[in-house]
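Thanks, everyone. The structure is on the screen now.

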Amino acid sequence: MIFSKFERMVAGRYLRAKRKEGFISVITGFAFTGIALGVATLIIVMSVMNGFRHELLGRILGINGHIGIMAPTSYPFNNYEEAIKEISEIEHITLAVPLIENQLLITAGKSAEGAMVRGIDRDDMLKKEALAKAVEKVDMDYFEGDKVIVGIRLARKMGVVEGDKITLLSPNGKVTAFGTVPRMKSYQVIGLFDSGMYEYDANFVFMPLETAQVYFGLSKAVTNIDITLDDDKYLSLVREALEQSLGGGAYIYDWKQSNAAFFNAIEVERNVMFIILTLIILVAAFNIITGLIMLVKDKGRDVAVLRTMGATKGMIMRIFFIDGAFIGVVGTALGLVLGLLFCDNIEEIRQGLQTLLGRDLFSAEIYFLSKLPAKVDMGEVISVVSISLLLSFAATLYPSWRAAKFDPVEALRYE
C-alpha cells in the first residue's frame with residue numbers, strides 16, 4: 001500500500017494529540033505499551049522454554065546418550081566387548097559405552113545418602129562432551145583403582161571434599177550361613193563433577209569400570225551399554241536395527257521413553273503460555289480500536305473539511321490506517337528489541353534480582369538446572385512479530401472504515 005505525502009502529514013498531526021485530546025493520547029499510549037510488553041514477554045517466555053528444553057536435553061543426552069541397553073537382572077553382558085563392536089558398525093551410532101549401574105547407600109561420617117553409582121572407563125568418560133566438561137577440574141589420571149568422583153551437590157549434602165573417603169553399601173552382598181551380609185567398601189574421592197543439572201550432581205557417583213566390576217562381583221561383565229547417535233532424528237531407525245540385532249535378550253530404551261512425561265509437560269506448558277501471552281497483544285489491539293474510534297469521533301469536523309476539499313474516502317481511510325499501523329509497528333519493534341536484549345542478558349538480570357530481593361529465583365532443586373537458560377528461535381520470533389503486526393493492522397480496519405464513511409454534511413451541521 002502506497003501512502004501519499006499528504007496522507008502521511010495528516011496522520012502524523014493526528015498522532016501528536018493536543019491538550020484537549022489528552023485522553024485519546026493516554027489510550028494510544030496504553031495500546032503502544034501493551035503491544036511492546038506483549039511482544040517482549042512472548043519472546044522472552046518462548047526463549048526461556050526453548051532454552052530450558054535445549055539445556056535439559058543436552059545434559060540428559062550428555063550423561064546418558066540417546067539409547068540404552070540394559071541386561072536382564074540375572075544375566076549381565078559377559079561378551080559386551082563383542083556386542084559393542086557389532087553395535088558400533090550400525091550406521092549413525094557414534095559412541096557405544098559399557099557401564100555398570102546400581103543404586104547404593106553412601107555414607108561419610110554421620111551422613112548417609114542414596115546415590116546412583118556408575119562404573120565407566122576413563123577414556124569413555126572423556127569421550128562424552130558433557131561428562132568431560134563436568135570433570136574438567138578433576139585430574140583424570142588418578143581415576144583408577146579405589147577412587148571415585150562425586151557429584152558436587154551430593155558432596156555438599158554429605159560434607160565431603162576432595163581427598164575424603166566415602167563408604168558404599170550394597171544390600172546384595174555375600175550369602176553366608178547367617179544370611180546375606182551387605183557388601184561394604186571405602187573409596188577415596190579424587191574430585192567433584194559439576195554437570196550444571198541438579199538431578200545428576202545430587203545423585204551420581206562415578207567409579208572406574210574395573211573397580212565397579214570387582215565391587216559388584218561381575219568379573220568381566222557389565223549391566224548396561226550406553227549409545228550416542230550423530231543425530232537424534234535417526235533414533236527410531238537405529239533402535240529398530242538394535243532390536244533386530246540383539247533379539248529379545250536385552251531391554252532397549254531411549255531418552256524419549258525415560259523422560260517422556262517430563263518433556264511432554266514442557267511442550268504443553270510452552271503451547272499454553274504462547275496462547276495466553278498472545279492474548280496480551282490482542283488486548284493491546286483492542287486498545288488501538290478504542291483509541292482510533294475516539295480519534296475519529298473527535299476529528300469528525302476535520303474529516304468533513306477534508307472531504308469537502310476533495311479528499312476521497314480511500315484517503316481518509318488510509319490516514320487513520322497509518323495512525324493505527326504506526327502504533328502497531330513501533331510497539332512491535334520496541335517489544336522485539338526489549339525481548340532480545342532481555343534474553344541476551346537473562347542470567348545477569350536474574351542474578352541482579354536475586355541480590356536485590358535476597359532470595360533464590362531459580363532453584364536448581366526445582367528446575368533441575370543451575371542457570372536460567374534462554375535460546376532464541378528466530379522462526380518463533382518472526383511468528384510473534386507477524387502475529388503482533390497482523391492484529392495491529394486488523395485493529396485499524398474498522399475505525400478507518402468508519403472514518404471513511406463519515407458524512408461531511410452531517411458532521412458540519414452539528415458542529
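Start with helix 16, residues 378-404: it has 27 residues, so at 1.5 Å a residue it should span 39 Å, and the 38 Å between its end C-alpha atoms agrees with that. The expected span here is 1.5 Å times one less than the number of residues. Helices are DSSP runs of H or I with at least four residues, strands are runs of E with at least two, and both are numbered from the N terminus.

A word on the source. This is a predicted model, where local features need pLDDT of at least 70, side-chain atom pairs count only at pLDDT 80 or more, and totals for chains, interfaces and linings use all residues. Residues are numbered from 1 along each chain as its sequence is written, and side-chain values use heavy atoms, with hydrogens and water left out.

Back to helix 16. At its start, a side-chain oxygen of Asp-377 comes to within 2.9 Å of the backbone nitrogen of Gly-379. Further along, helix 16 bends by about 25 degrees at Leu-397, with Pro-399 following within four residues; the bend is the angle between axes fitted to the seven residues ending there and the seven starting there. Buried residues of helix 16 include Glu-380, Val-381, Val-384, Val-385, Ser-388 and Ser-392, where buried means under 20% relative accessible area, exposed over 50%, and partly exposed in between, with a 1.4 Å probe and protein chains only.

Val-385 lies 9.2 Å from Val-329, C-alpha to C-alpha, and the two are 56 residues apart in sequence. Val-329 sits in helix 13, residues 313-344, and counts as partly exposed because its relative accessibility is 38%.

Now the cavities. How many of 30 Å³ or more does the structure hold? Two. On a 1 Å grid over the protein atoms alone, a cavity is a set of points where a 1.4 Å probe fits but cannot get out; a pocket is an open set with protein on both sides within 12 Å along at least five of seven lines; lining residues have an atom within 4 Å of a point.

The second largest cavity holds about 40 Å³. Asp-377, Glu-380, Val-381 and Val-384 are among the residues that line it, while helix 2 gives the largest share of that lining, five residues.

Last, the second largest pocket, with about 530 Å³ of space. Its lining has 28 residues, and Asn-64, Tyr-200, Phe-204, Ser-258 and Asn-259 lie nearest the centre.

Definitions and conventions. Grid points are joined across faces, edges and corners, and a volume is the space filled by probe spheres set on the points. A polar contact is a pair of N or O atoms within 3.5 Å; within protein, one must be able to donate a hydrogen and the other to accept it, and residues adjacent in sequence count only if both atoms are side-chain atoms.
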